[in-house]
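Here is a short briefing on one protein chain. Please look over the sequence and the model before reading on.

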Amino acid sequence: MAKKLAGKMKLQIKAGQATPSPPVGPALGQRGINIMEFCKAFNAKTADMEPGAPCPTVITYYQDKSFTMDIKTPPASYFLKKAAGLKPVGKRNRPRGGDKPGRVNIASITAAQLREIAEAKMVDLSANDVESAMKIILGSAKSMGIEVKG
């Protein structure tokens, strides 16, 4: 017999750093999901990823208080900032894109780095081949003020 779906939720959690503290704990607790069980399962699944990489996670929870999770690859902006070597700035000490994208470039990456990012993101993109994925990532780079050379 199939489980009865209670709902779905999306969270962005840093790889290997799920803890019962906010924002994870309260979001799961109000839906009746076992917080410690989720944290242990998430940290185990993301153990092979780079620690601290933001992971968009879709959590499907059922009426019997069980859950499943679908962990996606980190956002393209994370990979682009890392490849461009952008330093943390701003109020929350995070690397940001440019203030005037399309007019002022704040950094640059190579075509090889763009291909590497596209290959890493292929599973989450709606692209049929690497070239199409590269065009999608190139659009993200341009909107952030990152130039692709070569």
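This is a predicted model: local features need pLDDT of at least 70, side-chain atom pairs count only at pLDDT 80 or more; totals for chains, interfaces and linings use all residues.

Residues are numbered from 1 along each chain as its sequence is written, and side-chain values use heavy atoms, with hydrogens and water left out.

**Overall layout**

- The chain has five helices and five strands. Both are DSSP runs numbered from the N terminus (helices: H or I, at least four residues; strands: E, at least two).
- From the N terminus on, the order of elements is β-α-α-β-β-α-β-α-α-β.
- Of the 150 residues, 35% count as buried. Buried means under 20% relative accessible area, exposed over 50%, and partly exposed in between (1.4 Å probe, protein chains only).
- Among contacts with a separation of 6 or more, 61% come from residues 24 or more positions apart. Contact means heavy atoms within 4.5 Å.

**The sheet**

- Three strands form an open sheet in the order S1-S2-S3, with antiparallel pairing. Two strands pair if DSSP finds at least two bridges between them.
- S1 (5-14) and S3 (67-71) stand at the edges with a single partner strand each, so one side of each has no neighbour in the sheet.
- Neighbouring strands are turned by 20° against each other on average, direction ignored. Axes are lines fitted to C-alpha atoms, for helices over the stretch in contact, and angles run from 0 to 180 degrees between N-to-C directions.
- S1 and S2 (residues 54-62) run antiparallel and are joined by nine bridges. Gln12 has Pro56 in S2 as its bridge partner.
- Helix H2 (residues 35-45) packs on the sheet and touches S1, S2 and S3. The direction of H2 makes about 30° with that of S3.

**Helix H4**

- In H4 (residues 111-121), the buried residues are Leu114, Ile117, Ala118 and Lys121. They lie on the same side of H4 because they cover an arc of only 100° around the axis, taken from the directions from the helix axis to the C-beta atoms.
- Ala112 and Glu116 are exposed, on the face turned away from the buried side.
- The cover over the buried residues of H4 includes H3 (76-84), S4 (107-110), H5 (130-144) and S5 (146-149).

**H4 against H5**

- H4 and H5 pack at about 105°, with axes 8 Å apart. The two helices are therefore roughly perpendicular (65 to 115 degrees; under 35 is roughly parallel, over 145 roughly antiparallel, the rest oblique).
- Residues making the contact include Leu114 and Ile117 of H4 and Met134 and Ile137 of H5.
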